[in-house]
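Please read the points below with the model open beside the sequence. They follow the chain by topic.

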Amino acid sequence: MIDQLRVPCAYQGGKQRVAAQIVDLLLEANPGPTTCFYDLCCGSAAVSIELVKRGIEPSRICMLDISSWGVFWTAICSGTFDMDVFDQFLSELPSEKRDLKAHMLALAALPVGEHEAELYPVLQACSFGGKQIWLNGNRWANACFRDFWQPTATSIRRSPANPMQPSPTELRRRIGILAKHMRGANCLNIDIMAILSYPIPNDAVVYLDPPYQDTTGYAFGFDVPAFIRKFREVSEAPLFVSEGAPLNSDAVLLDFGGAKGGISGVRKGKHQEWISRC
């Protein structure tokens, strides 16, 4: 069952396609039996999930995200995620795919109650392009959802694009497995700079996946070079940083593989992802 661990849903900037390559580097940095791993700005937690799949005990993983992902993972890892409430949200989804977008727009327009953790993955699974949906006060922001798309005579893609990816059944399956196997990990729903006030052991391995520099579509950002400088003042632990460009001459270019992508299939180039040890 642990081999079936997957991120809950698509997320812009998610690392599921390169998580294995990243974890290879993290494990090489310190393969000790008690090493703790920090997954900062964890988002959909592809790296933490890959660590668990490699046999790392969840208790040796510390995740951090200030967004609703942090709320979701805090609930999953602490065992407080309410599966009954989550199932209720899924049961209320319309059976007709063409009606899903209108349903999600109405749902996202409601004030957010006490079940942010259970609602968020449903919203995010319907997000157009996997773009981040975030909480602004007690309202959802950047809530732009997919239409049910069908190919035309000139479309390169020949299969329909569903408005929810994955499907409600698959989302339920994934989160059920995550709730079982990620429980025990530590998750902090705090600003990343606050982690510098926590003791970070020198024999830990730290991975940072900040919002890409000079890009839009993320609710939260911070000064990455400033964080690296302050991190080095409090810890000697290996620090790996993902970015769309190399941060030093030792940076490694990760291989996404696959086609260029996009519904039209005419995207001009693949995204580049670099990981730098800082």
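**Notes on the predicted model**

1. Helices (H or I, at least four residues) and strands (E, at least two) are DSSP runs, numbered from the N terminus. The model is predicted: local features need pLDDT of at least 70, side-chain atom pairs count only at pLDDT 80 or more, and totals for chains, interfaces and linings use all residues. Residues are numbered from 1 along each chain as its sequence is written, and side-chain values use heavy atoms, with hydrogens and water left out.

2. Helix α2 (residues 46-53) is mostly covered, with 7 of its 8 residues buried (under 20% relative accessible area; exposed is over 50%, partly exposed in between; 1.4 Å probe, protein chains only). The buried residues are Ala46, Val47, Ser48, Ile49, Glu50, Leu51 and Val52. They pack against helices α1 (19-29), α3 (68-78) and α7 (168-181), and against strands β1 (37-40), β2 (61-64) and β6 (205-208); contact means heavy atoms within 4.5 Å.

3. Helix α4 (residues 83-91) and helix α6 (residues 116-125) have axes that come within 8 Å and cross at roughly 35 degrees. Axes are lines fitted to C-alpha atoms, for helices over the stretch in contact, and angles run from 0 to 180 degrees between N-to-C directions. From α4, the contact uses Val85, Phe86, Phe89 and Leu90; from α6, Glu118, Leu119, Pro121 and Val122. These residues divide into 7 nonpolar, no polar and 1 charged (nonpolar: Ala, Val, Leu, Ile, Met, Phe, Trp, Tyr, Cys and Pro; charged: Asp, Glu, Lys and Arg; polar: the others, Gly among them).

4. Aspartate 87 is also found in helix α4. At 28% relative accessibility, aspartate 87 counts as partly exposed. Its C-alpha atom is separated by 22 Å from that of asparagine 138, 51 residues apart along the chain.

5. How many disulfides does the structure hold? It holds 0, a disulfide being a pair of cysteine sulfur atoms within 2.5 Å. The sulfur of cysteine 9 has its closest cysteine sulfur in cysteine 126, 8.9 Å away and therefore too far for a bond. Cysteine 9 is buried, with a relative accessible area of 1%; cysteine 126 is buried, also with 1%.

6. The mean pLDDT (the predictor's confidence in each residue, from 0 to 100) of the chain is 90, and 90% of its residues reach 70 or more. Over residues 259-269 pLDDT stays under 50, and the model has 12 contacts beyond four places in sequence for this stretch. Where pLDDT is low, the predicted coordinates should not be read in detail.
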